[in-house]
Structures are given as C-alpha cells and as structure tokens.
Amino acid sequence: MRVAFQGEAGAFSEQAALDHYGGADPVPCESFEAVFEAVNSQKCDAGVVPVENSLAGSIHQNYDLLMQNDLFIVGEYVLRVRHCLIANPGAEKARIRKAVSHPQALGQCAGYLRRNGIEPENGFDTAGSVKALKESGALDAAAIASRRAAEIYGMEILEEGIEDNPENYTRFLAIQREPVVSRGEAKTSIVFTLNNVPGALAAALNLFAEARVNLTKIESRPLQGKPWDYLFYCDFERAANEPRAGEVLECLRALAPFLRVLGSYPRFQP
C-alpha cells in the first residue's frame, strides 16, 4: 500500500504513516497539497497529514485542504513527538548558532532555543532540514528532527527531548478516496456553515448536547469569497450511521446552509 506524507524520509509524518498502516510503502511529497494530489490522482492509495499538535495547536492548511478535496478521513493516529538537536559529526553544542526545522517544530522547542541562545530558522520540514544540513557540512548550525532522521542521514544527536513540554503529541488523519464503515469506538468529522444571525452557533452546538453526543474538537476557518463568514469543523464521538448521531446530523442540516461529512473512522486507541 502506497501512503503519501509530507517531507523527507525520517519525518514524523512518515513515522505516523508507518505506524498507522503497518507495512505500508511511504511516499515522500514536497507539500501538503502534493499529499492530497497524490491520493486524488491514484498515485498513492492513501495519505497521512497532521492536523493538530498538543503544544502548537492546529495546522490550518490541512483543514482547508480537507474542504477543497473530495477525499475521506478513514483513520486517526496520535504520535508522541520527541525532538532532537541534530548536527554534523564533529559539531559541538556550544558552537551552534542557529537551528533549522519546520515552523511547527521550532515553535514546540522555542523555550529551549531561547535559553541556549540558538536562533530559529524556518526550513522545508524536520527531516528535510537534517538532509540539507548534511549537504551543507556546517558545524555552527543544527536541525530539529526525530532520532530516526539523524540515523537515516548519519548525523549526530547533540541533545534529545528538547521540546518545551513532554506532553507533545501530534494528531494525524489518514485520507483515502473511498470512505470506510466504522464500527465500535468511532469518531466522525464534519464541516458546515451557518447563517450569520444571533444564536446560530449556539443552536448548532446545543443539538449535540441535547443528544448527549460528545464533541471533541471545533475549529473555525474563513469561508473563501465571503468575508467574515466561517466554516466550522467539528469532530464528535460516534459513527455517522449510529441512530443518535444520525438524528443530530439531520437536525443540523436544517440549520446549516452547507454540511459535509468528511468521514467516520475508528477512534485512536493508544
């Protein structure tokens, strides 16, 4: 099974793809858009993209891409993210002046970098930053990435576990061209719009409360072409085909000018 992910070999997204799909063949992509395109074009059977981190928050671009593409969420995976300060062989931590990585990784290690007087610099992605550092041969620069990335590119780990908070987790979504029928412990992800009138959002959310359906996530994103109108992304516990969830969705359709079920899928079990 070919599974697309953003980044180079050794990226956290690749690890999530391998963990979620088992014996998958991971396919690196330059961007999140390229991951969706690889699945859309049937070059890959599935894709894995991050949507939120417990320290740095949501990855808004991927919420927008879920809306823009006719693909389905078929699973979720939560990865414990442990960052390493990685350098070329022979480099010394005291001489490191800058650290290159994906902006999300830099944000998760901001306190560490500040305390050590290391300047953050945005890079292509975590593992890609390690690859670029190796090619440069620089001894006064480092990259922030996974232990696996350091091993793949033959680099040295100057320090491990440099994230500001050990409770550092990233949630990934698996996407495919066809939906799955989820049974047992399930989640459903939806996106909808509401009329811009007082109490509209409260009325929509109250539908879940009255049905005792647990909302686990709500995210708003600008509705393109309509300034100050928004798309609302919600995750809730239950499959869309369960009676209680089905009743909520039916009532929500009466309130929402637009409603789309992005997918029902097995809930991640640690």
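I looked up Phe268 and noted it as partly exposed, because its relative accessibility is 22% (buried is under 20% relative accessible area, exposed over 50%, partly exposed in between; 1.4 Å probe, protein chains only). The model is predicted, so I kept to its rules: local features need pLDDT of at least 70, side-chain atom pairs count only at pLDDT 80 or more, and totals for chains, interfaces and linings use all residues. Residues are numbered from 1 along each chain as its sequence is written, and side-chain values use heavy atoms, with hydrogens and water left out.

I then turned to ring pairs (Phe, Tyr and the six-membered ring of Trp, centres within 6.5 Å; planes under 30 degrees apart are stacked, over 60 edge-to-face, the rest tilted). The count is 4 aromatic pairs. Tyr77 and Phe268 are edge-to-face, because their planes stand at 80 degrees, with centres 5.2 Å apart. Tyr77 is in strand β5 (residues 72-80) and Phe268 in the segment after β15 (259-266), so the pair ties together parts 191 residues apart in sequence. I noted Tyr77 as buried, at 17% relative accessibility.

Phe208 and Phe236 form a tilted pair, 5.5 Å centre to centre with 50 degrees between the planes. Phe208 is buried at 2% relative accessibility, and Phe236 is buried at 1%.

Last, I checked Thr170, which is buried with a relative accessible area of 7%. Leaving aside neighbours within four places in sequence, Thr170 is in contact (heavy atoms within 4.5 Å) with residues including Asn53, Tyr77 and Val78.

Technical notes. Helix = DSSP H or I, 4+ residues; strand = E, 2+ residues; numbered from the N terminus.
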